[in-house]
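Subject: Structure handover

Hi,

Here is the structure I promised to pass on to you. Have a look at it first, and then read on for what turned up in it.

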Amino acid sequence: MMVVSISLLRLCGEWVIKLNNVEINKLKSRIAFIAVLKIIFFSLLSMFIAVIFIDGVFQDFLANLVNDYSNLLYIYFKANKVLFMGVFFLIIFCVSSFFVIRSTVNSLALLIKSMDKIISNPEEEISLPNELNILERRLNNIRVDLITSKNNEKEANVKKNDLIMYMAHDLKTPLTSVIGYLSLLKNEDNVSKDFRDKYLGIALDKAYRLEELTNQFFEITRYNLKEMPIVKNKLDLSILLGQLVDECFPISVEKNIDIVLNAESIVFSGDGDKLARAFTNLLKNAISYSYEGSKITIDLSTDSDSIFVKFRNKGDLIPDYKLDKIFDKFYRADESRNSKTGGTGLGLAITKDIISLHGGSISVRNHGEYIEFLVILPIDKKAIL
């Protein structure tokens with residue numbers, strides 16, 4: 001319920017922001033105009049009935065009764081007729097205004113109840129009086145967004161739980177191998193040096209795999225609990241990308257992959273650590289899913305408005321139905337869960353968040369026999385100056 005309430009507050013905040021001054025003034029004027037019309041209508045109707053009744057007091061049977069009861073009272077009413085009618089009309093106006101204002105307040109109370117209904121029963125459509133039809137549409141939009149958010153959250157939790165279950169199984173496999181080979185070395189006295197080195201090498205490889213899986217667990221935790229503030233500084237993107245290419249050289253050599261960087265010097269105001277993490281994720285992703293002996297190209301360019309960073313590699317193309325999901329949290333395109341390439345499904349999601357925090361966007365497409373990731377960042381002319 002707390003998560004739902006926070007989501008509702010966030011959606012309400014977005015909704016308030018979307019209500020610009022023109023819409024707010026239009027809504028206030030509409031409510032006031034309808035309230036004035038109601039007051040005028042009920043006042044005129046009441047005064048019309050009152051005129052018939054009061055004039056009837058002086059012109060028909062009622063007037064005769066008053067005259068018979070007290071001639072002085074009749075003369076007093078007759079002499080102060082305008083005053084009494086004015087007081088009577090004022091009372092009618094106040095009573096009409098009271099009920100109209102009360103009706104308007106009831107509409108606002110209904111609005112509050114509708115917001116509570118969004119939390120308790122978002123499936124039910126919101127219905128408000130005609131004068132609040134703008135709010136009705138906005139609340140129903142919030143309701144739909146909340147349902148979508150809850151469904152996405154449930155889907156993410158299912159994927160996360162499945163991923164943790166798979167990773168727990170993957171942790172057990174290398175751990176069993178490590179224990180088995182170390183136990184063998186401990187219990188066997190006459191193990192040759194070649195076999196000993198072989199067993200130690202296998203145990204070490206499995207230990208490295210355990211370390212990698214453990215880091216992936218920490219990555220999941222950090223992503224779920226993260227607050228990702230950015231600290232902007234001026235940095236040269238070509239130098240940053242060059243450093244990342246050098247850092248990834250050892251893992252690219254293992255697959256005989258050549259990384260080519262085509263970059264011009266471009267100054268950008270951003271968080272160097274966060275951008276390094278985003279670009280590293282893209283580069284490692286390209287290495288993991290590239291054919292052995294192929295080439296990865298990184299193109300850095302700019303125009304008058306934007307900076308473009310393109311990662312291009314040759315590998316198995318991504319099916320079209322996966323292109324829209326590849327940046328989703330915990331989504332992994334490698335359904336086979338290859339132990340060498342299978343990750344947490346968070347790398348690209350984190351990359352997208354980092355790029356978005358810098359006001360940019362990221363997309364992916366299949367282009368011929370290549371896979372292309374394109375990052376677009378807004379150009380910072382002040383940083384250039």
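Is R312 buried, exposed or partly exposed? R312 is partly exposed, with a relative accessible area of 27%; here buried means under 20% relative accessible area, exposed means over 50%, and partly exposed is in between (1.4 Å probe, protein chains only). More on that residue below, after a word on the model.

This is a predicted model, in which local features need pLDDT of at least 70, side-chain atom pairs count only at pLDDT 80 or more, and totals for chains, interfaces and linings use all residues. Residues are numbered from 1 along each chain as its sequence is written, and side-chain values use heavy atoms, with hydrogens and water left out.

The overall picture

The protein has 13 helices and 7 strands; these are DSSP runs (helices H or I, at least four residues; strands E, at least two), numbered from the N terminus. Of its 385 residues, 35% are buried. Taking the contacts with a separation of 6 or more, 72% are between residues 24 or more positions apart, where contact means heavy atoms within 4.5 Å.

Salt bridges

The count of salt bridges comes to 5, a salt bridge being a side-chain nitrogen of Lys or Arg within 4 Å of a carboxyl oxygen of Asp or Glu. Back to R312: its side chain meets that of E372 in a salt bridge (3.3 Å, N to O). That pair links distant parts of the chain, with R312 in strand β5 and E372 in strand β7, 60 residues apart. E372 is buried, at a relative accessible area of 6%. The side chain of E372 also forms a salt bridge with that of R365 (3.0 Å, N to O), and R365 is partly exposed at 41% relative accessible area.

Another of the salt bridges joins the side chains of K193 and D197 (2.9 Å, N to O). This pair sits in helix α7 (residues 193–225), 4 residues apart and so separated by about one helical turn. An α-helix has 3.6 residues a turn, so residues three or four places apart point the same way. K193 is exposed, with 61% relative accessible area, while D197 is partly exposed, with 39%.

A buried lysine

K255 is worth a look in the viewer. The residue is in the loop between α9 (249–254) and β2 (258–263). K255 is buried yet has no salt bridge, and the nearest side chain of opposite charge, E292, is 6.1 Å away; for charge, Lys and Arg count as positive and Asp and Glu as negative, with His and the chain ends not counted. What does the side chain of K255 reach? It reaches the backbone oxygen of S288 at 3.1 Å. Neighbours within four places in sequence aside, the contacts of K255 are I287, S288, Y289, S290, E292 and G293.

Nonpolar cores

The largest nonpolar core has 39 residues, and those with the most contacts inside it are L237, L275, F279, L283, V309, F311 and F373. By nonpolar core I mean a set of buried Ala, Val, Leu, Ile, Met, Phe, Trp, Tyr and Cys residues joined through side-chain atoms within 4.5 Å. The elements giving two or more residues to this core are α8 (237–247), α10 (272–288), β4 (295–302), β5 (306–314), α12 (347–357), β6 (361–367) and β7 (370–378). The largest share, 8 residues, comes from α10.

V309 touches L241, F279, I298, D299, L300, F373, L374 and V375, if residues up to four places away in sequence are not counted. A second, separate core of 8 residues includes I118, L139, I142 and L146.

In α12, the buried residues are L348, A349, I350, T351, I354 and I355. After α12 comes G359, whose phi is positive, near 80°.

E247 lies in helix α8 and counts as exposed at 57% relative accessibility. E247 and T280 are 33 residues apart in sequence and 9.1 Å apart in space, C-alpha to C-alpha.

Finally, the cysteines. The count of disulfides comes to 0, a disulfide being a pair of cysteine sulfur atoms within 2.5 Å. C94 is partly exposed, with a relative accessible area of 44%, whereas C248 is buried, at 3%.

Best wishes

Terms used:
A polar contact is a pair of N or O atoms within 3.5 Å; within protein, one must be able to donate a hydrogen and the other to accept it, and residues adjacent in sequence count only if both atoms are side-chain atoms.
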